[in-house]
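Subject: Structure for you to look at

Hello,

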Amino acid sequence: MKRTGPASLIVAAVLGAGAGYLFDQLLTSAGRPTFTPQLSLPVLLLALGVIVVLLALPIRRATQGTADAPVNPFHAVRIAMLAKASSLVGAVFTGVSVGLILFLLTRPAEPSVGSLSALIGTAVCAVLLLVGGLIAEHLCTIRKDDDDKHPGAGNGAGGAGDADADDADGHYAAH
């Protein structure tokens, strides 16, 4: 499994921004008010970012050798996938929030402070979820050993052609 790359995060954010802008455009063309998130959305996004990092800390301790007990590899993979999903969801929510903000700022009427501040808070907390997901994903990786390039090199098997090009960013802890 590869780590989350910037290209996928950028694509998710751009698609989210387009969806947010289009959503508000459709709402106003139907005569309805624009979408304003409740206060619980940014709080929830921030809490998810903190939780995913806290869940990844025991895996980091196990990979560094400072944990009391070994970590179940299936648990480590689940946390790594949660971290990857969190970064992508953070990118999408960032994009949606930015799209909604852009829609409000491009209207001839001045947006209310309450709706604009709620959208800015959502965008900031979504970025924090994205960063938390990336940090947790980093915590779930192990450093690359020299033996990874040449599996079985100690017993005479393997060779230089066995190197894996995808290993440049490190392995997940359960790999």
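How many helices and strands does the secondary structure of the protein chain come to? The count is 4 helices and 2 strands, and along the sequence they follow the pattern α-α-α-α-β-β. Here helices (H or I, at least four residues) and strands (E, at least two) are DSSP runs, numbered from the N terminus.

Before the details, a word on the source. This is a predicted model, in which local features need pLDDT of at least 70 and side-chain atom pairs count only at pLDDT 80 or more, while totals for chains, interfaces and linings use all residues. Residues are numbered from 1 along each chain as its sequence is written, and side-chain values use heavy atoms, with hydrogens and water left out.

The chain as a whole

Of the 175 residues of the protein chain, 31% count as buried. Buried means under 20% relative accessible area, exposed means over 50%, and partly exposed is in between (1.4 Å probe, protein chains only). Among the contacts in the protein chain with a separation of 6 or more, 79% come from residues 24 or more positions apart; contact means heavy atoms within 4.5 Å.

How the helices pack

Let me start with helix α2 (residues 40–64) and helix α3 (residues 73–105), which pack at an angle of about 150° with their axes 10 Å apart. That angle makes α2 roughly antiparallel to α3. The axes are lines fitted to C-alpha atoms, for helices over the stretch in contact, and angles run from 0 to 180 degrees between N-to-C directions. On that scale, angles under 35 degrees count as roughly parallel, over 145 as roughly antiparallel, 65 to 115 as roughly perpendicular and the rest as oblique.

α2 passes α3 in a left-handed crossing. A crossing is left-handed if the near helix is turned anticlockwise from the far one by less than a right angle, and right-handed if clockwise. The residues that meet include Leu 41, Val 52 and Ile 59 in α2 and Ile 79, Leu 82 and Phe 93 in α3. By class, this contact of α2 with α3 has 11 nonpolar, 2 polar and no charged residues. For the classes, Ala, Val, Leu, Ile, Met, Phe, Trp, Tyr, Cys and Pro count as nonpolar, Asp, Glu, Lys and Arg as charged, and the others, Gly among them, as polar.

Next come α2 and α4, whose axes are 8 Å apart at an angle of about 10°. This makes α2 roughly parallel to α4. Their contact has 17 nonpolar, 6 polar and 1 charged residues. Among the residues that take part are Leu 45, Gly 49 and Arg 60 in α2, and Cys 125, Leu 129 and His 138 in α4.

α3 and α4 pack at an angle of about 160°, with their axes 7 Å apart, so α3 is roughly antiparallel to α4. Their crossing is left-handed, and the residues of the contact divide into 18 nonpolar, 8 polar and 2 charged.

Gly 95 lies in helix α3 and is buried, at 3% relative accessibility. Ala 13 sits in helix α1 (residues 6–29) and is partly exposed, with a relative accessible area of 22%. Gly 95 and Ala 13 are 82 residues apart in sequence and 4.1 Å apart in space, C-alpha to C-alpha.

Leu 105, in helix α3, is exposed, with a relative accessible area of 52%. Leaving out residues up to four places away in sequence, Leu 105 touches Pro 111 and Leu 116.

Ile 120 is found in helix α4 (residues 113–139) and is partly exposed at 41% relative accessibility. Its C-alpha atom is separated by 7.2 Å from that of Ser 97, 23 residues apart along the chain.

And the cysteines

Are Cys 125 and Cys 140 buried or exposed? Cys 125 is buried, with a relative accessible area of 12%, and Cys 140 is buried too, at 1%. A search of the whole structure finds 0 disulfides, a disulfide being a pair of cysteine sulfur atoms within 2.5 Å.

Best wishes
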